[in-house]
Amino acid sequence: MDKEFIARGVKRCATGKFLLWILPWAALLVFGLYSAGLCLVKGLNQTNMDNRFAFGLWIFLDLTVIALGAGAFFTGFLVYILKIEELKAVINSAVVIGLVCYSGAIAVLAVDVGQPLRFWFTFWYPNVHSMLTEVTFCITCYLTVLAIEYLPIVLKNRRLRDVPRLLVFEHELHKLIYVLAGVGTFLSFFHQGSLGGLYGVLRGRPFAFREGLFIWPSTFFLFILSAAAVGPSFLICTTFLVEKISRKRLVRREVFRLLARISGLLLAVYTLAKSIDTLVWINRTSPESGFQAIQYYSWKPFGTWILLAEIVAFGLVPALILLTPRFRAHTGWMVSAAAMACFGVALNRFVMTVQTLALPTLSFDPFLSYFPSWQEVGTFLAVVAYGVLVYSFSFRYFRLFPEERELRVELAQPQEELELVER
Amino acid sequence: MFPWNYGFEWNSAHIIFLGAFYTVLVVVATTLVSAVVRARRDVRAHHEDEIRWHSDFHDLPAPDRVCRHVLTGEFRRRECPNAFDCRLCETHAKLIARHHPAPAAEQEEEILGMAFPLDRLYHRGHTWVRTEPDHTVTIGLDELGARLTGTPDSIELPLPGASLHVNGPAFRIRKRGADVRVLAPVDGEVIETGSPERGWLLRVKPAAEGEPAFRHLLRGAEIRPWLLREMERLQLALTAEGAAPALADGGVPVADMAENCPQADWDAVCGEMFLNA
């Protein structure tokens with residue numbers, strides 16, 4: 001039914017099957033929108049956050065998806081600035097993932113901040129001393145950049161290409177895409193950093209407070225490094241997942257291995273930097289604030305296991321796997337390590353958000369606990385459903401993987417006699 | 001955000017932060033506006049067909065973008081940098097100045113049962129061009145192109161007076177769900193339309209005469225290696241569509257492949273062979 005919208009030479013499932021696939025996600029999205037609507041209309045009393053526990057599931061989700069969506073800026077940087085041509089095979093997919101992650105994050109942030117009619121206040125009355133202002137400016141600018149980067153992908157749709165003006169605009173925009181890639185890199189560098197810096201400057205929260213360089217605490221650099229490290233890993237995971245679900249080879253194995261090598265290298269550097277930062281924090285920063293670091297880990301369930309899990313199990317181990325050619329060549333090991341790296345960064349964002357706020361800092365403070373309300377979970381799930389839907393439609397109607405057609409032809413092995421031949 | 005807003009001060013933090021922010025906004029807006037302006041300029045200059053071909057060429061699989069001198073074995077590996085317009089290619093000019101493509105020994109090449117008369121030149125999009133005594137050129141589908149489409153469901157030819165541009169659309173063919181743009185092999189003006197029965201589809205007054213105007217077209221000894229390569233491509237394209245031909249037994253392609261192999265996605269196969277993305 002929609003064949004004329006699907007790129008020539010690629011196979012997609014029947015329309016009915018596709019509708020069946022999107023139906024549950026659409027239902028989840030509707031449920032999530034209802035949850036978000038409740039929060040916007042009735043206020044944040046619909047959530048389990050309060051004045052003390054002001055960051056919850058949503059901020060954790062924001063930080064995580066923004067880190068995972070870093071594949072968009074980092075792959076764009078590698079392809080258009082450093083000219084690593086092999087990664088052109090995944091750049092479109094990276095842009096869609098970035099767009100989904102950033103738009104989802106901004107949508108959730110809008111629900112969290114509330115007062116949607118006053119969204120423009122943040123731009124009109126910015127507090128230039130706040131890391132959050134930098135984050136807001138950067139991610140809205142970067143979302144605009146991603147939307148513009150997404151345009152050529154949409155305009156390459158088979159039907160849209162038939163409109164000469166759109167085709168010409170797509171061509172001209174694509175020629176300038178390196179400018180947007182550069183701007184995206186600049187913006188991402190600062191907002192990833194500012195998100196980390198946001199925690200590092202919390203003097204009243206010695207668990208999160210860090211020293212650093214000039215005005216930037218060490219978490220500024222750690223967030224940039226970790227996002228750049230897991231961006232390619234998330235790209236590996238999503239591409240692998242899409243290959244499994246669609247039962248198609250979408251990119252060459254060499255591209256996977258290159259992404260794995262880049263991710264492994266950056267993850268190793270991040271793990272090293274994080275280890276040094278942790279040692280400095282344990283031995284200097286925290287004691288100077290009047291706390292021995294071990295005290296933070298006496299509040300269950302946040303034992304030292306969480307620190308070890310973050311640095312060793314989901315940092316060092318996947319880095320070593322991704323850096324070892326033998327393991328990298330094995331798809332199972334590579335994808336598992338990439339998934340571990342993504343989980344590691346999610347754990348780091350969880351620790352920075354939830355553990356930071358749960359721990360008492362004053363002698364009369366209690367240890368706080370928090371569990372998200374169903375409205376919070378619903379809004380969270382809406383972002384996931386929205387992401388799956390946007391990606392599914394993009395995969396079906398746009399050429400997210402330019403080598404798909406070529407690989408399909410290459411992988412076809414002639415095995416039977418030629419039926420087209422007259423004897 | 002602006003100097004007249006409450007709390008604004010002319011200090012370094014404001015200047016650096018807002019300066020960076022506005023610079024980003026200006027760069028993004030300028031990029032977008034530039035793309036719009038350039039697109040408008042292209043549309044006014046009627047460059048749509050040229051851009052469509054460049055876009056299609058860019059989207060072709062890498063093995064389909066190889067230089068003609070790879071086909072003849074002069075280069076081991078080389079991607080065509082001019083989107084199959086050898087008139088612009090310095091390397092091609094140097095190579096043919098050094099040794100002009102050898103004329104074939106016969107009047108006609110027969111390749112896998114298909115006749116390729118050598119009194120004409122061939123375009124990589126499966127059209128031929130023959131210069132007529134009145135200095136016009138006739139254009140038709142080559143034998144492989146004709147066997148691919150067999151008896152088309154419809155052919156949409158341009159009207160007399162229409163302009164053709166090399167690698168722009170010459171005419172459209174529809175067959176079993178395939179809708180392909182057949183690429184124009186020459187620049188010129190259509191002066192008459194023909195039909196498969198007349199042996200040609202278009203009569204064109206070329207925009208320029210002489211060898212340089214037709215330099216991009218294949219000829220003589222280049223035909224056989226190109227066709228063999230095309231048969232490999234066809235075999236792979238059909239195999240990917242589940243038709244699984246092998247061509248190992250010395251057979252020849254049938255007259256109407258689409259009718260004889262209905263299970264294949266002919267839109268994909270014809271798109272591949274006629275260089276449509």
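## Helix packing in chain A

Helix axes here are lines fitted to C-alpha atoms over the stretch in contact, with angles running from 0 to 180 degrees between N-to-C directions. This is a predicted model. In chain A, the axes of helix H8 (residues 177-200) and helix H9 (residues 218-246) come within 7 Å. They cross at roughly 135°. Angles over 145 count as roughly antiparallel and 65 to 115 as roughly perpendicular. H8(A) and H9(A) are therefore oblique to each other. The crossing of H8(A) past H9(A) is right-handed.

Which residues of H8(A) and H9(A) make the contact? From H8(A) come A:Phe189, A:Gln192, A:Gly193, A:Leu195, A:Gly196, A:Gly197, A:Tyr199 and A:Gly200. H9(A) supplies A:Ser218, A:Thr219, A:Phe220, A:Phe221, A:Leu222, A:Phe223, A:Ile224 and A:Ala227.

## Nonpolar cores

The largest nonpolar core holds 120 residues. Six of its members touch the most others: A:Ala70, A:Val95, A:Val145, A:Leu187, A:Val230 and A:Ala341. Helix H4 (residues 88-113) of chain A gives this core its largest share, 15 residues.

In soluble globular proteins, nonpolar side chains tend to be buried together.

What does A:Val95 touch, leaving out residues up to four places away in sequence? Its partners are A:Ala72, A:Leu146, A:Glu149, A:Tyr150 and A:Ile153.

## Where the chains meet

Chain B puts 50 residues into the contact, and chain A puts in 42 residues. On the side of chain B that touches chain A, the elements giving two or more residues are helix H1 (12-44), helix H2 (48-59), H6, strand E12 (252-253), helix H7 (257-260) and helix H8 (266-273) of chain B. H1(B) gives the largest share of that side, 17 residues.

Helix H16 (residues 404-411) of chain A has buried residues: A:Glu404, A:Arg405, A:Glu406, A:Arg408 and A:Val409. What covers the buried residues of H16(A)? The cover includes helix H6 (223-240) of chain B.

## Confidence

For the complex, the predictor gives an ipTM of 0.86 and a pTM of 0.89. Chain A averages a pLDDT of 90, with 97% of the residues scoring at least 70. One stretch of chain A, residues 414-423, has a pLDDT below 50. Beyond near neighbours in sequence, that stretch has 32 contacts in the model. Chain B averages a pLDDT of 87, and 94% of the residues score at least 70.

Technical notes. Residues numbered from 1 in each chain as written. Chains lettered and ligands numbered in written order. Predicted model: local features only at pLDDT ≥ 70, side-chain atom pairs only at ≥ 80, totals over all residues. Core = buried A, V, L, I, M, F, W, Y, C linked by C-beta atoms within 7 Å. Buried ≥ 20, exposed ≤ 12 C-beta atoms within 10 Å, placed from the backbone. Helix = DSSP H or I, 4+ residues; strand = E, 2+ residues; numbered from the N terminus. Contact = placed C-beta atoms within 7 Å. pLDDT = per-residue confidence, 0-100. Parallel < 35°, antiparallel > 145°, perpendicular 65-115°, else oblique. Left-handed = near helix turned anticlockwise from the far one by under 90°.
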